[in-house]
Amino acid sequence: MRNKFDTFYLSSNKLDKEWVIVDVEGGTLGRVASKIAAILRGKNKANFQPNMDNGDYVVIINAGRVKVTGRKTQDKLYHKYTGFPGGINTTNFQDMMNAKPERALEIAVKSVLPKGRMGRQLYRNLHIYGGSEHPHIAQKPKQVVL
């Protein structure tokens, strides 16, 4: 019998990882990213532990239809630095969505996840698609409404 003061540690064979599909069409970029990061970490489960990866696998569809508020379509900038002098490349949100619609949501979710080994491990459980088609039908993902 367990004492009520004993610390509970979740063992790796008791993880219940599921596949979850999220449709982000019409959602706001930052709000959607924070909710997805919570699902990736497992904060929506009763057995959440901050030092373990007990979150779900997340498949995001319609990432190209996420929106931002205000003038962020022109004012929100993404920077990429090559490492060479004068090698900084800057693009705004509108150009990013035209070129790679998944990339803006990838950057937003990655920035909300924890930094370090745990964050990199959680980021591998994320799959983003710009349209409504995805190749993860065999995993039978359940639909989640944010």
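This is a predicted model: local features need pLDDT of at least 70, side-chain atom pairs count only at pLDDT 80 or more; totals for chains, interfaces and linings use all residues.

User: How many salt bridges does a search of the whole structure find?

Analyst: A salt bridge requires a side-chain nitrogen of Lys or Arg within 4 Å of a carboxyl oxygen of Asp or Glu. One of the pairs is lysine 17 with aspartate 53, at 3.1 Å from N to O. For the whole structure, the search gives a total of seven.

User: How many residues apart in sequence are the parts that lysine 17 and aspartate 53 tie together?

Analyst: The side chains of these two residues, lysine 17 and aspartate 53, meet in a salt bridge. Lysine 17 belongs to the segment before strand S1 (19–23), whereas aspartate 53 belongs to the loop between H1 and S2, so the parts joined are separated in sequence by 36 residues.

User: Is lysine 45 buried or exposed?

Analyst: Lysine 45 is located in the loop between helix H1 (29–41) and strand S2 (57–61). Its relative accessible area is 15%, and the cut-off for burial is under 20%. Lysine 45 is therefore classed as buried.

User: Which residue has its backbone nitrogen 3.0 Å from a polar atom of the asparagine 92 side chain?

Analyst: Asparagine 92 is part of strand S4 (residues 88–92) and is buried, with a relative accessible area of 17%. The backbone nitrogen at 3.0 Å from its side chain belongs to aspartate 95.

Definitions and conventions:
Residues are numbered from 1 along each chain as its sequence is written. Side-chain values use heavy atoms; hydrogens and water are left out. Helices (H or I, at least four residues) and strands (E, at least two) are DSSP runs, numbered from the N terminus. Buried means under 20% relative accessible area, exposed over 50%, partly exposed in between (1.4 Å probe, protein chains only). A polar contact is a pair of N or O atoms within 3.5 Å; within protein, one must be able to donate a hydrogen and the other to accept it, and residues adjacent in sequence count only if both atoms are side-chain atoms.
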